[in-house]
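Here is a set of questions and answers that sets values against the definitions behind them. The structure comes next, and the discussion follows it.

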Amino acid sequence: MNILIINGSPRKKGNISQMLGIMREEAEKKGDKVETIYTNDLQVKPCIGCMACRSKGTCVLVEDDSQRVLKLLQDADAVILGAPCYWGNIPGQMKLLFDRLVYGMMRDTPRFPEPLMKGKKCILVSTSTTPSPWNILFNQSHGAVKAMREICRYAGFKIVATVERGGTAMHPDLTDKDKQRCRKAAAALY
């Protein structure tokens, strides 16, 4: 299987990165090809909302890393998205990337959007400094998962697992239970 991990965290050694790393290890143990993209390392210009991509099937802006990521998404059998909670949502750089990829993830039709990633599996991962269960009840990590779920729903991904972890400020280290939840989520791809 060809798996793409999109890491929306600016911290390359933070909780999201560690959780995605566990999932990567599990996939590689199965012999899968895995590539990780860090959104903060990408050069992506903001969408200008011209809507030309909806009719042309390509972005009119000068080529940047968004087109490369779209190609990786199209070639992937499964995708793992990870993002910390920023104001109950995903970080801006990750949102910026998906704003630029909309034309390659769904097509406008006269009635309903047509998903272009149908048949691909997806895992969603988020963390929040808000303690559990408040991270879910107050839409903190849950808000980030909700934003990623919306992107995946329109694109046609089948979400096979979600992992949310609250309380990262008071308990910054992953527990054995957290690690096990990541392994279990990765197993849901098979």
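Q: Which residues does Leu81 touch, not counting residues up to four places away in sequence?

A: Leu81 touches Ile6, Met94, Phe98, Cys122, Ile123, Leu124, Val125, Met148 and Cys152, not counting residues up to four places away in sequence, where contact means heavy atoms within 4.5 Å. This is a predicted model, in which local features need pLDDT of at least 70 and side-chain atom pairs count only at pLDDT 80 or more, whereas totals for chains, interfaces and linings use all residues. Residues are numbered from 1 along each chain as its sequence is written, and side-chain values use heavy atoms, with hydrogens and water left out.

Q: What makes a set of residues a nonpolar core, and which residues have the most contacts inside the largest one?

A: A nonpolar core is a set of buried Ala, Val, Leu, Ile, Met, Phe, Trp, Tyr and Cys residues joined through side-chain atoms within 4.5 Å. The largest has 37 residues, and Ile6, Leu73, Leu81, Phe98, Met105 and Phe157 have the most contacts inside it. At least two residues of this core come from each of β1, α3, β3, α4, β6 and α6, and α4 gives the most, with eight residues. Apart from it lies another core, of 20 residues, including Leu20, Val34, Ala78 and Ala161.

Q: Why is Ser17 called buried?

A: Buried means under 20% relative accessible area, exposed over 50%, and partly exposed in between, computed with a 1.4 Å probe on protein chains only. Ser17 has a relative accessible area of 11%, and is therefore buried. Ser17 lies in helix α1 and, leaving aside its neighbours within four places in sequence, is in contact with Asn7, Arg11, Lys12 and Tyr38.

Q: Why is Met51 called partly exposed, and what is its phi?

A: Met51 has 46% relative accessibility, so it counts as partly exposed. Met51 is found in the loop between β2 and α2, and its phi is positive, about 70°, although it is not a glycine. Most residues other than glycine have a negative phi, and most peptide bonds are trans.

Q: Why does Asn139 count as partly exposed?

A: Asn139 is at 35% relative accessibility and therefore counts as partly exposed. Its place is in the loop between α5 and α6, and its phi is near 55°, a positive value in a residue other than glycine.

Q: How do you know that the peptide bond from Ser132 to Pro133 is cis?

A: The omega of this bond is near 5°, and the bond is cis. Pro133 is found in the loop between β6 and α5.

Q: What makes β1 and β3 a pair of strands?

A: Two strands pair if DSSP finds at least two bridges between them, and strands (E, at least two residues), like helices (H or I, at least four), are DSSP runs numbered from the N terminus. Five bridges join β1 to β3, which run parallel, and Leu81 in β3 is the bridge partner of Ile6.

Q: Why are β2 and β7 said to stand at the edges of the sheet?

A: The five strands form an open sheet in the order β2-β1-β3-β6-β7, with parallel pairing. Because β2 and β7 each have a single partner strand, one side of each is left without a neighbour in the sheet.
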